[in-house]
Amino acid sequence: MIDSFDLNRDAVVPDEVGAEIAADFLARPPKLVIAPSSMKNRDTQVSLAGEVTFVGTEPNADVTVDVAGFDKMFENLQAASKQAPELSQYLPMALIAKGFAKPQPDGSLRWKVVRKADGSVSINDVQLKGPDAPSGEGKAQ
């Protein structure tokens, strides 16, 4: 398969190889495991863990994000927006994100994000998007 890749062609992957990759994907769907990871600075720690599997070509994702120091991060963003006003556009989004969070006993915030193969999305068991309409439904005739 790798031998068929050619960056000098318009179609980097020939159609027949693309079909072979797709068939392999459907026969043995991959599983992406996000091992517990974190990044930390002086005031904030962001931790992430979860997995993504596939039903056909549709992903099932179950990912947990924990943030310690969210309020300090928000304060820093507010302060920075005084020097760089374009940063202020992120303040409302940060507040919305905080609203979806579930406070933890240690004071950190948690978002458990679930995306099902049917297209539905929830955060901490609150559905943000329902399932997609089956093919052919919900379309103008």
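This is a predicted model: local features need pLDDT of at least 70, side-chain atom pairs count only at pLDDT 80 or more; totals for chains, interfaces and linings use all residues.

Trainee: How many helices and strands are in the protein?

Mentor: Helices (H or I, at least four residues) and strands (E, at least two) are DSSP runs, numbered from the N terminus. The protein has three helices and seven strands. Read from the N terminus, their order is α-β-β-β-α-α-β-β-β-β.

The radius of gyration, taken over C-alpha atoms, is judged against the globule rule, 2.2 Å times the number of residues to the power 0.38. Here the radius is 21 Å, well over the 14 Å that the rule gives for 141 residues, so the protein is more spread out than a compact globule. Its C-alpha atoms fill a box of roughly 55 × 40 × 35 Å along the principal axes.

Trainee: Which strands pair with β5?

Mentor: Two strands pair if DSSP finds at least two bridges between them. Strand β5 (residues 109–115) pairs with β3 (residues 58–68) in the antiparallel sense over seven bridges; there, Thr64 has Lys112 as its bridge partner. With β4 (residues 102–103), β5 forms two bridges, also antiparallel, and Lys102 is partnered by Arg110. With β6 (residues 121–123), β5 pairs in the antiparallel sense over three bridges, and Arg115 stands opposite Val121.

Trainee: What lies in the turns of the hairpins?

Mentor: Five residues separate β4 from β5 in their hairpin, and Gly107 in that turn has a positive phi of about 95 degrees. The hairpin of β5 and β6 also has five residues between its strands, and Gly119 in the turn has a positive phi of about 95 degrees.

Trainee: Which residues form the largest nonpolar core?

Mentor: A nonpolar core is a set of buried Ala, Val, Leu, Ile, Met, Phe, Trp, Tyr and Cys residues joined through side-chain atoms within 4.5 Å. Buried means under 20% relative accessible area, exposed over 50%, and partly exposed in between (1.4 Å probe, protein chains only). The largest such core has eleven residues: Val63, Val65, Val67, Phe70, Phe74, Leu91, Ala94, Ala101, Leu109, Trp111 and Ile123. Two or more of these come from each of β3, α2 (70–83), α3 (91–100) and β5, and β3 gives the most, with three residues.

Contact means heavy atoms within 4.5 Å. Leaving aside residues up to four places away in sequence, Phe70 touches Ala94, Lys98, Leu109 and Trp111. In the protein as a whole, buried residues make up 21% of the 141 residues.

Trainee: Is Leu128 buried, exposed or partly exposed, and what does Leu128 touch?

Mentor: Leu128, in strand β7 (residues 126–129), counts as partly exposed, because its relative accessibility is 43%. Beyond residues up to four places away in sequence, Leu128 touches Phe100, Val121, Ser122 and Ile123.

Trainee: Where is the place of Arg9?

Mentor: Arg9 is in the segment before α1 (15–27). Its relative accessible area of 35% makes Arg9 partly exposed. The C-alpha atoms of Arg9 and Asp132 are separated by 36 Å, and these residues are 123 apart along the chain.

Definitions and conventions:
Residues are numbered from 1 along each chain as its sequence is written. Side-chain values use heavy atoms; hydrogens and water are left out.
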